[in-house]
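Reader: I would like to learn how to read the overall features of a model like this one. Please show it to me first.

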Amino acid sequence: MDTAGKPITCRAAVVWEVGQPYSIETVQVAVPRKGEVRIRMTSTGVCHSDLHVKDGMDKSWVFPSVLGHEGAGLIESVGEGVTSVKPGDTVVLVFEAYCGECRTCKDPRTNFCEKQPRDNFQMDGTTRITCNGEILTQMSSISTFSEYTVTSEINVTKVSSQANPNTLCLAGCCIPTGYGAAMKEAKVPPGSTCAVWGLGGVGMCVLMGCRDSGASKVIGIDTNSKKFELAKTFGATEFLNPKEVSDVPQKLAELTDGGVDFCFVSVGHVPAMEQAFNSSHPQWGKTVVIGLADKGETMRAGVWELLFGRQLVGTFYGSYKARLDIPQLVDKVIEGQIQLNELITHRMPLEKINEAFNMLKTGESLRAIIDFDMLY
C-alpha cells in the first residue's frame, strides 16, 4: 500500500483526562517497528471495560489515552520480521498477546503472555500514537478507537477473509469472553442447568455457549425484562428478574431441583456475584465470575459452602488463548452457529462514540459498534 513506511494522519477518539468524554482528534500513527503491524481499523466494539477505564477504575492509568480493546481490521503494513500476517489480511486484535514462547504461553493452565505490556505502551515502553507531538497511551497496547493503530504481531490473529470486518470486532472480546466462559472455563456437560446474570452482549454469548454445550435449562437473569425476548434467540429457556423475586437463590433452587449446576456472572456487580454463588448447587455448583469490578473489590464466599462442594472461579478472555482460538470462533460466526449480527443493536460512525457509550450506560443498546467505514 502507498502508505507503507510513512506515518499516517487520521482520526481517533482521545480521552484527555479521567472521567472526560471522548474527543475526536487528528492523530499521527507511526510506522510499525520490528515485530509490529499497522492496521486499518474497520470496526470496534463499545464495551463496559472501556467505560470503567475512562471513569477511573484503574487509578494508575496514564492519560491522555486512546482506549478500545475490541476490534477488527485489515493489515496496512508490517514491520521487520513479521511473518504471520501480510498487508490485506483480515485480523482481529487481541488484548492479551500470545507469543508461544514464554512460560505462560506454553502452560495450558493460563492464557496470559509474559510479553504482553501491562502499562498500555508497546513492548519497548513507547507509544505509536501521538497528537500534535503529545504521547497517547494505548489501551492493552492496541487502541482500537483509532482509524489506524500499531501493535505487536502477537496482538493480532489472522481470520477468514469471508468474515465481514465491519462487524467482526465483537470476536475480539465479547464473543470469546462469554462463549468461552461456558465452553472453555466451565466446560458445561450436556443436560446441565445454567443461570446467567446480566444479559448484555457478553451475557448473550454465555447463553450461546450454554446452548451449544447441550444444557437442559438456561436461565437468563436481568433487571431489565425487555431483554428476555431477545435472549430466547441465543438459547435462554427461562427468565428471572431479581427485582420481582424476594429470594433469588431460593427461587433458583426451586427451578433446578436444589441449585444451579453452573452460574455465570457477566456484570461487574459484587452483590450479583455473591447471589450467584449462593444460588449454585450446594454440593457441586460452580460459579464463574466474568464481569469486572473496581480493583481491590472483594466478594464473600462462605468457607463451609466451599468445603461442602460449591466452587468459585473467574475467567479472563473466556480462558481462551485468544490468538489461537479466535479464528475457530470466527469460523463459527461464518457458519451461523455464533450469532454475531444479532448481538449488534447499533452501528455508528466514530464521531458518535460518546452517544454509543451513553446508550451502553442506559441499557438502550445490547451491543453498539463503531463502523469506521460509516460516514458521519
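Reader: What share of the residues in the protein chain is buried?

Author: Burial here means under 20% relative accessible area. In this predicted model, buried residues are 56% of the 376 in the protein chain. The accessible surface comes to about 15500 Å², and carbon and sulfur atoms hold 51% of that surface.

Reader: How many helices and strands are there in the protein chain?

Author: The protein chain has 11 helices and 19 strands. Its radius of gyration is 20 Å, close to the 21 Å from the globule rule for 376 residues, so the chain is as compact as a globular protein of that length. The C-alpha trace spans about 65 × 40 × 40 Å along the principal axes.

Reader: Among contacts with a separation of 6 or more, what percentage joins residues 24 or more positions apart?

Author: A contact requires heavy atoms within 4.5 Å. Of the contacts with a separation of 6 or more in the protein chain, 70% are between residues 24 or more positions apart.

Reader: Which residues does UniProt list for the alcohol dehydrogenase-like domains?

Author: An unreviewed UniProt entry places "Alcohol dehydrogenase-like N-terminal" at residues 34-159. That stretch is 9% helix and 31% strand, with its end C-alpha atoms 22 Å apart. For "Alcohol dehydrogenase-like C-terminal", the unreviewed entry gives residues 201-332. Here the chain is 40% helix and 15% strand, and the end C-alpha atoms are 17 Å apart.

Reader: How many positive and negative side chains are there, and how far apart are the centres of the two sets?

Author: The protein chain carries 36 positive and 43 negative side chains. The centres of the two sets lie 3 Å apart.

Definitions and conventions: Residues numbered from 1 in each chain as written. Predicted model: local features only at pLDDT ≥ 70, side-chain atom pairs only at ≥ 80, totals over all residues. Heavy atoms only, no water. Helix = DSSP H or I, 4+ residues; strand = E, 2+ residues; numbered from the N terminus. Rg over C-alpha atoms; globule rule 2.2 N^0.38 Å. Buried < 20%, exposed > 50% of the residue type's maximum accessible area, 1.4 Å probe, protein only. Areas by Shrake-Rupley, 256 points an atom, 1.4 Å probe, with all protein chains shown as cover. Lys, Arg positive; Asp, Glu negative; His and termini not counted. Charge placed at Lys NZ, Arg CZ, Asp CG, Glu CD. UniProt positions renumbered as here; feature names shortened; annotations may be inferred.
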